[in-house]
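Hi,

Here is the structure I said I would pass on. Have a look at it first, and my notes on the cavities follow below.

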Amino acid sequence: QGEIVLIQSKTLKADDPAFRAVIEDVAKTVDSFPQARKIDTPLDAGHADLVSDDGRSAMVQYQPVGTYEEASLYIDKLEAAVSKTAAQHPDFEVNQLGSVTTTKATDAAFNNMLKTAGMVAIPLTLVILLLVFGSAVAALIPLLLAITAVMATTALIAIPSQFIAVDEQIAEVILLIGLAVGIDYSLFYLRREREERAAGRSEHAALEAAAATSGRAVLISGVTVLIAMAGMFLSGDKTFMSFSIGTMMVVAVAMLGSLTVLPALLGRLGDKVEKGRIPFLGRLRSKNGESRFWGAILDRVLRRPVLSAVAAGAVLIALTVPALSLNTATTGVDDISIPEIEPLKKYDAAFPGGNDPAVIAIQADDVRLPAVQDAIVELKREALASGQMKGPIELEVSRDSTVAQLSITLAGTSTDAKSQAALTTLRDDLLPSTLGEVEGVEYAVTGTTALDKDWEAKMTTTAPLVFGFVLLFAFLIMLVSFRSIVVALKAILLNLLSVGAAYGILVAVFQWGWGESLLNFESNGGITPWLPMFLFVILFGLSMDYHVFILSRVREAYDRGMSNEDAVSYGIKSTAGVVTSAAVVMVGTFSVFALLPVIDMKEMGIGLAAAILIDATLIRAVLLPATMKLLGNKNWYLPKWLGWLPR
């Protein structure tokens, strides 16, 4: 919608001589730049709509010359000149905002936030890894592999971006998932190699054992995550498709690095990986690598499996119940708390809905024909008479007169229920009865409100496809990997419980507003529309990491001749420590994003952190072993007609 210089006064109105003087000075300053054209002020005839209803706010509008990229090169000089003019009128508040100014400022702010999140997440991750391994070299290896995976993917994403539009938030997604899976895979592999070495194997034999066990688990996990991420392609939404590409690439790079670079690095370092040991940390674990803490809990769970399963299930169901009332609400300007967005908030308060109107594209052989013009005039009249729409209503016509663009301001904030109701009236009632009556005229409505409504309608039809795809292929991979229909079904159910609990926590915190004061935000009554599907796919993929890693060790023990209960006990005790460590790394990384002043990022950070924490504790350390104990040898049931599956 171009650029706006917003002029406000707490005491004077726009018709006051002093106020008029500020408007004139601002207009003169803007006009001195050849890059500014179509300058409109409240002092011009027919532009009374550039003054707010209370008369204490006015705006000077202009169109910057060139594309966004071209305008962003000179807009700072124009903004500085306006600021210099504003300094000459200290009793007035003068702010510049618009499609170039605000976008450039917010992009820079978000990039800085991402850098800050990375600067916090990386040292935090290093501290956690130091506590896990007890040595500096071993701690640095997973972190370096994860960082290099993120850096490589950030560079490689340029290739698919030539063929499909990549969302501007792809960098945050790559960083989140890259750190999570990169560290997970390296952690699983490195811990197994260290355990085998501690058990007396040679360096070469320890690496071979790690490759045959943890390496296989990493491969299965990686393939499962890749397929889960691929499900976002079925959404048909370009944002989700770009997220899918970014996450699949970083997972693939991290997986390949863990299966090639990591063993090569460990083979080169040998026992030097234990260099830089930190005293006393080794006492936290028993000699065989089992977690003392989780070992004690698991013993109690296996002694009372029914009680443990019922208690854990009850907690998870209780956490999931709020998800039944999940609503979605598009993030608005008020949901972003950064200084760069404040001028836009002030503008929206003074001119509600005016910054992002509904835009009607009208196509005909000649939009200037009397019949078309009469329909447009009638549309304007009915829109204003409805009480759901207001001025300014602007009309622009293409040079060849075949296309017209009509901008109508909707009631509300563009993202609330009032705007949605106004859009419905415009689409279902006003347009069919005016332009719809003229033969040869085609029309369509766009703008933020229309895009949100259309997107939600599309997700209603595509979400079941995405969910079904992920569930089906996750089931098939688990079935083939573990040759057990029970294990495959249970993996799906347990993962659904963790996702449901994460949804419930999001509803309680962000929709009901239980975490407003703690997280410094104001609830808008819903969850960001893109988040439920994104969380489902990401969490389903990440949860499989733990499930595959634990069950691989359990199955390994079972195949060696252990009883089901002994195999479960051994498998979970020997992996609980590393799974918890990996979860702590993930939770720490995701929690950093919950501190950012953008509600979308807060919701994503809290949702991912809560789900991973629940998954690594209640589900993997309590519900999984309890149900495996209760099912006994039925855990490994495979129908005879599936006996052809590869081992």
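Which residues line the largest cavity? Before I get to that, keep in mind that this is a predicted model. The lining is made up of Arg-192, Thr-213, Ser-214, Ala-217, Phe-549, Ser-552, Arg-553 and Glu-556. The space in there comes to about 50 Å³.

As for where those residues sit, helix H7 (214-230) and helix H17 (531-559) each put at least two residues into the lining of the largest cavity. H17 is the top contributor, with 4 residues. Sorted by class, you get 3 charged, 3 polar and 2 nonpolar residues around the largest cavity.

How many cavities of 30 Å³ or more are there in total? The count is 2, so here is the other one.

The second largest cavity has a volume of about 40 Å³. Around the second largest cavity you will find Trp-294, Ile-550, Ile-572, Ala-576, Val-579, Thr-580, Ala-616, Arg-620 and Ala-621. Two or more residues of that lining come from each of helix H18 (564-594) and helix H19 (599-631). H18 gives the most here, with 4 residues.

Thr-580 is the polar one, and Arg-620 is the charged one.

Cheers

Terms used:
Residues numbered from 1 in each chain as written. Predicted model: local features only at pLDDT ≥ 70, side-chain atom pairs only at ≥ 80, totals over all residues. Heavy atoms only, no water. 1 Å grid on protein atoms, 1.4 Å probe; cavity = no way out; pocket = protein on both sides within 12 Å on 5 of 7 lines; lining within 4 Å. Points joined across faces, edges and corners; volume = space filled by probe spheres on them.
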